[in-house]
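Reader: I would like to learn how to read a few features of a model. Could we take them one by one?

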There are 2 protein chains.
Amino acid sequence: MVRCDEMRTSERAVPCPEANDAGLIFIGRIHTPWTSRMDCPRQGRADGPSCRIELFALWAEALEGIAEYGQLEVLYWLHQSRRDLVQQSPRDDGATRGTFALRSPVRPNPIGTSIVELMGIEGTTLVVRGLDCLDGTPLLDIKPARSVFTPLAPPTKGDSDVGEPWKRSGSCAVLPGLRRQRGHQAQPWRHTLTALISRMSANSGSSTWFGTMPSRRAPTKLPAINPAAITMTNSRLWPSTVKLRSRL
Amino acid sequence: MVRCDEMRTSERAVPCPEANDAGLIFIGRIHTPWTSRMDCPRQGRADGPSCRIELFALWAEALEGIAEYGQLEVLYWLHQSRRDLVQQSPRDDGATRGTFALRSPVRPNPIGTSIVELMGIEGTTLVVRGLDCLDGTPLLDIKPARSVFTPLAPPTKGDSDVGEPWKRSGSCAVLPGLRRQRGHQAQPWRHTLTALISRMSANSGSSTWFGTMPSRRAPTKLPAINPAAITMTNSRLWPSTVKLRSRL
């Protein structure tokens with residue numbers, strides 16, 4: 001997690017577009033024990049200190065009924081975060097991760113989400129546990145946690161839509177970012193492909209896959225994919241894409 | 001849930017401030033089977049149809065490593081929602097709820113959050129299940145679901161901060177919005193107070209509470225609170241606040 005604004009070894013930024021696709025309204029302020037980004041917990045904890053969510057008076061009526069929910073989802077604006085990093089090095093050791101594979105506060109839209117326990121309500125202030133943000137963080141939204149909420153609205157057509165069985169969509173691809181990897185940096189690529197294939201296998205009930213892998217020369221056939229084997233076989237190709245399909 | 005822009009019986013709006021406290025960047029588009037708000041599911045389901053999250057090319061590198069997470073948290077902008085309702089009537093039956101006690105798309109900052117299953121990755125497109133939004137919904141953020149994520153960053157001071165035992169903060173208040181209730185509409189108030197007291201009792205290990213309730217005349221003493229009794233006793237006072245404290 002990048003805690004201050006400097007970039008660390010191997011981190012990568014992109015030119016950030018103007019942030020004007022939509023606008024936010026700060027609806028309150030969050031008060032926590034943490035006044036420095038270096039002290040903030042990396043994640044909130046259910047037995048953490050009590051924090052106060054102060055809702056601005058304009059929205060008071062919108063709290064009615066909230067006490068029926070023991071757990072709330074809170075959204076807040078991580079106002080001290082830079083927004084342009086696409087690769088981050090949480091341990092500052094040169095090893096990087098994509099921003100969307102982290103829960104770092106540094107992201108294109110720095111919106112924090114926490115599931116908190118509602119301890120008490122004092123007028124328009126909620127006393128909660130489970131937050132991880134700085135004192136003074138702007139509040140964006142409060143909703144009942146999905147795990148404790150049942151919709152009150154009448155059912156809709158979409159409620160009953162279900163998906164196709166997994167084995168009919170057994171196709172995925174390795175992430176483009178992995179093309180850049182070389183030598184010992186191939187490990188994350190093997191790891192990624194292994195993770196994908198094992199999940200697809202678990203979901204489809206098939207552990208046999210075949211596919212093709214593009215290269216500068218002819219596509220490499222992969223009659224039966226073994227992640228380790230692929231990584232070895234193609235350690236010089238660094239394909240951008242591996243199409244996988246289950247035999248089922 | 002308010003599905004179109006009309007207001008329903010008993011719903012209440014406030015004059016909405018300019019939405020310029022912070023700006024958002026749309027980082028992609030979400031493609032789902034639902035093209036009408038009337039058809040959208042009220043909540044996503046794990047066995048729902050597969051949906052495609054198309055990330056704009058600028059952010060491609062930020063996906064690296066995401067395949068290691070089977071569950072992702074997705075944030076999106078509910079672009080068709082009005083933002084000024086504080087009380088909504090999901091069943092359109094005259095009974096209202098505060099917006100923050102609903103997961104309705106209509107809220108001051110219409111940000112949707114879903115936990116989805118990652119089924120596959122095709123270049124910069126994620127194939128997922130569990131979404132509930134309209135086709136074409138703007139994408140705001142993708143993060144590993146908190147339930148499957150372990151921070152990579154080194155521990156911080158705040159990680160070890162824990163809270164005081166519950167019995168030392170056994171105080172809460174009834175929501176101000178409840179003041180307006182009369183007659184049969186007192187039921188939600190009794191329900192709210194019951195919910196609060198039972199949660200406080202569970203958390204503090206005490207089931208005995210006392211406190212005072214302000215009124216136009218002298219404050220009413222509440223030697224031992226019985227939610228039902230309070231509701232009866234004070235059905236003409238409609239207090240804005242009930243201070244509660246555990247005997248412990």
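Author: Let's start with one side chain: Tyr69(B) is buried, with a relative accessible area of 8%. Buried means under 20% relative accessible area, exposed over 50%, and partly exposed in between, using a 1.4 Å probe and protein chains only. This is a predicted model, in which local features need pLDDT of at least 70 and side-chain atom pairs count only at pLDDT 80 or more, while totals for chains, interfaces and linings use all residues. Residues are numbered from 1 along each chain as its sequence is written, chains are lettered from A and ligands numbered from 1 in the order in which they are written, and side-chain values use heavy atoms, with hydrogens and water left out.

Reader: How many aromatic pairs does a search of the whole structure find?

Author: A pair of aromatic rings is described by the distance of the centres and the angle of the planes. Rings of Phe, Tyr and Trp (its six-membered ring) pair if their centres lie within 6.5 Å; planes under 30 degrees apart count as stacked, over 60 as edge-to-face and the rest as tilted. Over all chains, the search finds two such pairs. One joins Tyr69(A) and Phe149(A), tilted, with 5.9 Å centre to centre and 45° between the planes. Tyr69(A) sits in the loop between β4 (51-55) and β5, and Phe149(A) in the loop between β10 and α1 of chain A, so the pair ties together parts that are 80 residues apart in sequence. Helices (H or I, at least four residues) and strands (E, at least two) are DSSP runs, numbered from the N terminus. Tyr69(A) is buried at 7%, and Phe149(A) is buried at 9%. In chain B, Tyr69(B) and Phe149(B) form a tilted pair with 5.9 Å between centres and 45° between planes. Phe149(B) counts as buried too, at 9% relative accessibility.

Reader: How many salt bridges are there over all chains?

Author: A salt bridge is a side-chain nitrogen of Lys or Arg within 4 Å of a carboxyl oxygen of Asp or Glu. The whole structure has 21 of them. In one of these, Arg146(A) meets Glu73(A) at 3.9 Å, N to O. Arg146(A) lies in the loop between β10 (137-144) and α1 (186-204), and Glu73(A) in strand β5 (residues 71-77) of chain A, so the pair ties together parts that are 73 residues apart in sequence. Arg146(A) is partly exposed at 25%, whereas Glu73(A) is buried at 0%. Both belong to a network of salt bridges that also includes Arg103(B).

Reader: Which residue forms a salt bridge with Arg97(A)?

Author: The partner is Glu68(B), with the closest N and O atoms 3.6 Å apart. Glu68(B) is in the loop between β4 (51-55) and β5 (71-77) of chain B and Arg97(A) in strand β7 (residues 97-98) of chain A, so this pair joins two chains. Glu68(B) is partly exposed at 27%, and Arg97(A) is buried at 14%.

Reader: Is β5(B) mostly covered or mostly uncovered?

Author: β5(B) is mostly covered, with six of its seven residues buried. To read its neighbours, recall that strands of a sheet pair through backbone hydrogen bonds, either parallel or antiparallel. Two strands pair if DSSP finds at least two bridges between them. β5(B) runs antiparallel to strand β8 (residues 111-122) of chain B, joined by seven bridges; there, Trp77(B) stands opposite Ile111(B). Five bridges link β5(B) to the antiparallel strand β10 (residues 137-144) of chain B, where Leu72(B) has Pro144(B) as its bridge partner.
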